[in-house]
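Hi everyone, thanks for coming. Let me put the structure up, and then we can walk through it together.

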Amino acid sequence: MVTSRRLRAFKRWMLSRGFEISDGLEFVDHPENGIAVRALYQLKEGDVVAKIPKDACLTVKTSGASQMIEHSGLDGKLGLAVALMYERSLGEKSPWAGYLQLLPHHECLPLMWTLNEVNELLSGTELHKTVQEDKALMYEDWKENILPILDFSPSKLNPKYFGVEEYFAARSLVASRAFEIDDYHGFGMVPLADLFNHKTDAEDVHFTSVSSNYESDSDDDDEDECVTDEELTKSSSMDEPELDPALTGKCSGGNLEPSSVVGDDPSMLEMIMIKDVSVGAEVFNTYGSMGNAALLHRYGFTEQDNPYDIVNIDLEMVLQWCSSLFSARYTRARVSFWRKLGYSACISQNSEYFEISSDGEPQFELLILLYIMLLPEDVYNKLDLSVSVAGNIHESSETSLSGDWNILTKKASNMSKESLLSIKVCDALLAVADIRESLYGLNSIEDDIEASGRFNCVGERKLFHSLVLRISERKILEKLRNYSAQPNRFGKRNSARKKMKSKKK
Ligand SMILES: C[S@@+](CC[C@H](N)C(=O)[O-])C[C@H]1O[C@@H](n2cnc3c(N)ncnc32)[C@H](O)[C@@H]1O
């Protein structure tokens with residue numbers, strides 16, 4: 001395999017900056033797929049395959065624009081984007097020139113798509129609103145934070161490199177490639193570590209860091225001297241996404257990859273094999289446990305059959321279904337009873353939503369809400385009165401309604417989830433699934449599957465990955481429908497068993 005010119009230049013740059021790299025790693029530059037890392041010989045679990053000096057990472061602290069960024073009060077990803085734009089503006093004069101020439105101008109994240117593309121390709125998906133908002137917020141960021149820097153230092157900065165397109169491009173690179181380095185550096189571009197591609201739940205190599213660069217810290221951080229060993233030890237995969245919980249399923253528990261091994265030199269980052277990888281195979285990192293909406297949002301690609309996929313159903317959508325059957329007053333009263341019992345939906349930004357897991361199971365709180373909506377008026381009135389008198393459901397001594405009572409109070413047990421699936425609740429679930437499905441427009445899931453076969457994941461990247469996202473979401477809705485098509489499964493099985501028993505007698 002011939003190494004590309006840009007990779008040769010990058011390798012020379014890494015050597016000049018003190019990187020230590022195993023000769024068992026091969027960097028492959030594919031004209032369409034970009035760069036990947038392969039094993040040149042068998043790599044063993046525990047092998048340290050790379051050591052990366054922290055001062056060779058591009059961060060707000062190491063960039064030549066450090067003072068300007070800090071004086072402007074910028075930090076985090078915004079600060080890092082400015083550092084990246086600044087170093088890019090220096091061209092060959094940047095100490096990171098050998099690294100920067102390897103980076104694409106931008107990553108093809110939905111943030112970089114035109115608004116028309118976003119509206120056409122993401123309509124109905126979990127990403128649609130998020131990306132619309134992202135684009136607006138990033139533009140505001142640029143206007144409020146970057147434009148003033150240009151106005152204050154016109155002689156030092158070349159405006160060509162600080163325009164809104166350049167800012168979006170820098171943000172797309174920061175989103176898809178930055179790592180959390182340590183307390184001192186914060187987020188940073190970590191050359192070499194950012195060449196490994198992602199595979200869900202199949203990480204071969206792990207990125208580790210020992211926190212805080214004492215030698216370069218200023219005098220104002222006395223507390224750092226008292227940090228414990230535990231605080232000193234940090235590790236991460238790609239920087240864990242600052243993602244909308246609605247995209248990651250965080251409502252039911254997020255997932256950070258834990259550290260297994262840690263280096264002992266605080267000035268170096270290490271890449272350590274956590275699995276054996278055979279000769280010729282690609283060496284993967286993991287960017288975290290994310291469904292396709294989160295992967296596409298942050299990295300610009302999707303995976304087939306991603307086990308972390310989810311679909312959300314907004315509370316608004318459930319209320320839309322209610323309004324087709326009940327008065328607004330009726331609906332409000334039932335929702336407030338549901339809240340009074342201590343139930344709530346997941347919350348993200350300004351919306352409340354329920355998760356449907358990748359196997360089509362609805363969130364318990366949604367089932368409870370539908371159950372309450374469909375309670376007969378007399379039962380509901382008694383329950384409501386009883387709760388109001390007792391102050392809360394657990395203190396109420398209501399006995400005449402023991403069936404509904406038990407169901408509503410046995411929060412999150414499997415038994416109660418099954419008992420909620422009455423025919424009416426299942427019909428309601430089907431109706432809500434249909435409302436959610438209608439957001440995808442007129443094309444059926446079969447049309448989407450057929451179309452995805454026609455598009456190339458490289459040449460027609462936006463079309464391909466947006467279709468994979470739509471299909472994975474619609475498959476979950478299909479599973480939700482199957483789930484809802486079997487009302488009272490538990491109850492039925494029970495009664496069937498009882499019948500068999502009585503026959504034996
Ligand atoms: C950290 S970089 C990895 C190195 C990258 N391939 C390169 O050429 O520099 C992350 C980007 O690589 C690509 N990528 C990583 N894993 C991928 C995967 N499993 N499928 C498709 N693209 C992937 C995406 O474009 C993503 O935004």
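**A walk through the model**

Let's start with a pair of strands: β6 and β7 (residues 186-189) run antiparallel and are joined by four bridges. Before going on, please keep in mind that this is a predicted model, where local features need pLDDT of at least 70, side-chain atom pairs count only at pLDDT 80 or more, and totals for chains, interfaces and linings use all residues. Residue numbers start from 1 along each chain, as its sequence is written.

A word on terms. Helices (H or I, at least four residues) and strands (E, at least two) are DSSP runs, numbered from the N terminus. Two strands are called paired if DSSP finds at least two bridges between them.

Back to our pair: Phe179 has Gly188 in β7 as its bridge partner. Which strands make up this sheet, and in what order? The sheet is open and has three strands, in the order β5-β7-β6, with antiparallel pairing. β5 (58-59) and β6 (178-182) are at the edges with a single partner strand each, so one side of each has no neighbour in the sheet. Helix α3 (residues 76-89) packs on this sheet and touches β5, β6 and β7. A contact here means that the C-beta atoms of two residues, placed from the backbone, lie within 7 Å. The direction of α3 makes about 30 degrees with that of β7. For such angles, axes are lines fitted to C-alpha atoms, for helices over the stretch in contact, and the values run from 0 to 180 degrees between N-to-C directions.

Now to another group of strands, around β4. Strand β1 (residues 20-21) is joined to β4 by two bridges, and the two run antiparallel. Within that pairing, Ile21 has Ala50 in β4 as its bridge partner. β4 also pairs with strand β10 (residues 268-273), in the antiparallel sense, over five bridges. There, Val48 stands opposite Ile272 in β10.

Gln42 sits in the loop between β3 (34-39) and β4 (48-53). Which residues does Gln42 touch, leaving out those up to four places away in sequence? They are Asp276, Ser278 and Val279. Gln42 and Asp276 are 234 residues apart along the chain, yet their C-alpha atoms are separated by 7.1 Å.

Two aspartates have a positive phi. Asp201, in the loop between β7 and β8 (205-210), has phi near 55 degrees. Asp305, in the loop between α10 and β11 (311-314), has phi near 50 degrees. Asp201 counts as exposed, because it has 11 C-beta neighbours inside 10 Å. Asp305 is exposed too, with 11 other C-beta atoms within 10 Å.

On to the ligand. How many residues surround it? There are 13, and the closest are Gly34, Ile35, Ser176, Asn197 and Phe301. To be counted as near, a residue must have its C-beta atom, placed from the backbone, within 6 Å. β3 and α7 (164-177) each supply at least two residues of this shell.

Stepping back, the chain is divided into domain 1 (5-215 + 257-299) and domain 2 (311-504), with bounds from an automatic or database domain assignment. Their contact takes 15 residues from domain 1 and 16 residues from domain 2. On the domain 1 side, α5 (115-121) and α10 (292-299) are the elements giving two or more residues. The largest share of that side, three residues, comes from α10.

β12 pairs with strand β13 (residues 351-356) in the antiparallel sense over three bridges, and Cys346 has Tyr353 in β13 as its bridge partner.

Finally, the whole chain: its secondary structure comes to 20 helices and 13 strands, and buried residues make up 37% of its 505 residues.

Conventions
Buried ≥ 20, exposed ≤ 12 C-beta atoms within 10 Å, placed from the backbone.
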